[in-house]
Amino acid sequence: MGGGLGYLVCLLSVVLSLVWGEGVVGLSVNWGTRSTHPLPPEIVVKLLKDNGFNKVKLFEAEAPVLRALGNSGIQVMLGIPNDFLAPLATSVGYAIRWVSQNVSTYVSKYGVDIRYIAVGNEPFLKTYKDTYLQTTFPALRNIQAALIKAGLGPQVKVTVPLNADVYETVSGVPSGGDFRSDIHALMLSIIKFLGDNGGPLTINIYPYLSLYADPHFPVDYAFFSGTSTPVVDGSISYTNVFEANYDTLIWALEKNGFPSLPVIIGEVGWPTDGDSNANLQYAQKFNQGLVDRIIRGQGTPKRPTTAPEVYLFGLLDEDTKSVEPGNFERHWGVFYFDGTLKYSLNTRLNGNSNNTLVPAKGVRYLERRWCIMAPEASISDPNLADSIKYACSYADCTSLGYGSSCGRLDTRSNASYAFNMYFQTVNQQKGSCQFSNLSVLTSMDPSQGTCRFQVMIDIGKHVTSPPPTSSSSSLHDNLPIIFVLLSLIFMVSVY
């Protein structure tokens, strides 16, 4: 009875979404929630709809987010974190319970239009050192079995989001593409399983990372302007790395007997801070070119008439993401953390040639006040270094790094930025702007140039300031920034 009801509700949702979306071109986007001050889900859903995003990819099942997406007309790809792969792989019962709690319930009770279950998140990434090689495929099979048992098999498909490092080309051009030798057999098994069950292969492609990793990478080749010196592969000339990367995958699929398997681009975008190449100008240039391709339905040389479904990465900045890959990790959003606009992006939806992004509505903020370094305080004060270190151990100071939006601040403004980020992160809590008599509150916005001094969203609750002696993963994440700031203070004090 429960499975049949889920089937009928999901089928009705599909029909309604087809009617709702007839003749409408929409955009797809990743919605991550690793933020100290997340926007209320209802505001985010309104933001999505206001800007023509009719498909969203979630990284995990969160009840408030899923409830907000109910009856919204937005299609959902629901992710399963890598930590769940082991229990899902070893127990089909666990998979059945997961599907019941996180899929069936929200489809039947709340009307959430779940289309895909994304099993894992880049589980074969080389940096994971084979951690998930033995569990990903069994987990995928068990989730598929659980969907079938729930009566959702025809409507909800499985996939595995993979990093583009699962394939490579020894010749340096797309036609040399094949899957990595260490996972070749495993990849073919997964691909066959996806094909047999109507599921797509999901690949994450990041032209920005090519530029970040290689200082000699041709900048124009990362964008869609067509001005780069082409990479010639037989009769095909590639002028951007996105097409070349994607077609490398298509060659790998064709070589191994899967020429028509559907492919989804699960993540692609450009960050706006945390690195010299992560800036508003480059992000706008890249994402506008990407959106133009999506609206035109443009394919690639290997699949010219079949444009892949593309999920932009991401919707909002996330200030608690790990910065192990780089400080840019917290700045992938098309919007800032609070849903305000970073830059203009013409989506040209519904035939409107001037349809630009709009900010989130109904956002509530804390009081407009900032914590800064006191005018009478000295940059040679012996407590300054430890105060900055403490502030950046518990708040996001990635915008202070070299080449970042606040990277050109002087020592005093650096300290002010660190103090304010801490003050805002703990919700302007009483006593949180007391840094050894070095700080003071102000009602004048200290933002300057490209550097934004934030006022946080009012999330309706207060958090306790962490004690200075307690350990925190944020300390490890922000050590590079802290080191730069302390070095700057040392140089200034010496000279």
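**Exercise 1.** State the accessible surface of the protein and the share of it that belongs to carbon and sulfur atoms.

*Solution.* The accessible surface is about 21400 Å², by the Shrake-Rupley method with a 1.4 Å probe. Of this surface, 54% belongs to carbon and sulfur atoms. The model is predicted: local features need pLDDT of at least 70, side-chain atom pairs count only at pLDDT 80 or more, and totals for chains, interfaces and linings use all residues. Residues are numbered from 1 along each chain as its sequence is written, and side-chain values use heavy atoms, with hydrogens and water left out.

Next, burial: 55% of the 495 residues are buried (under 20% relative accessible area, 1.4 Å probe, protein chains only).

**Exercise 2.** Determine how α5 and α6 are oriented and which residues join them.

*Solution.* Helices are DSSP runs of H or I with at least four residues, numbered from the N terminus. Helix α5 covers residues 92-108 and helix α6 residues 136-149. Their axes (lines fitted to C-alpha atoms over the stretch in contact, with angles from 0 to 180 degrees between N-to-C directions) lie 8 Å apart at an angle of about 55 degrees. α5 is therefore oblique to α6; angles under 35 degrees count as roughly parallel, over 145 as roughly antiparallel, 65 to 115 as roughly perpendicular and the rest as oblique.

Then list the contact (heavy atoms within 4.5 Å). From α5 come Val-92, Ala-95, Ile-96, Trp-98, Val-99 and Val-103, and from α6 Asn-142, Ile-143, Ala-145, Ala-146, Leu-147 and Lys-149. Sorted by class, ten of these residues are nonpolar, one is polar and one is charged. Here Ala, Val, Leu, Ile, Met, Phe, Trp, Tyr, Cys and Pro count as nonpolar, Asp, Glu, Lys and Arg as charged, and the others, Gly among them, as polar.

**Exercise 3.** Describe the surroundings of Gly-153.

*Solution.* Gly-153 lies in the loop between α6 and β5 (157-159). With a relative accessible area of 11%, Gly-153 is buried. Leaving aside residues up to four places away in sequence, Gly-153 touches Leu-147 and Ile-148. The C-alpha atoms of Gly-153 and Gly-198 are separated by 9.5 Å, with the two residues 45 apart along the chain.

Definitions and conventions
Helices (H or I, at least four residues) and strands (E, at least two) are DSSP runs, numbered from the N terminus. Buried means under 20% relative accessible area, exposed over 50%, partly exposed in between (1.4 Å probe, protein chains only).
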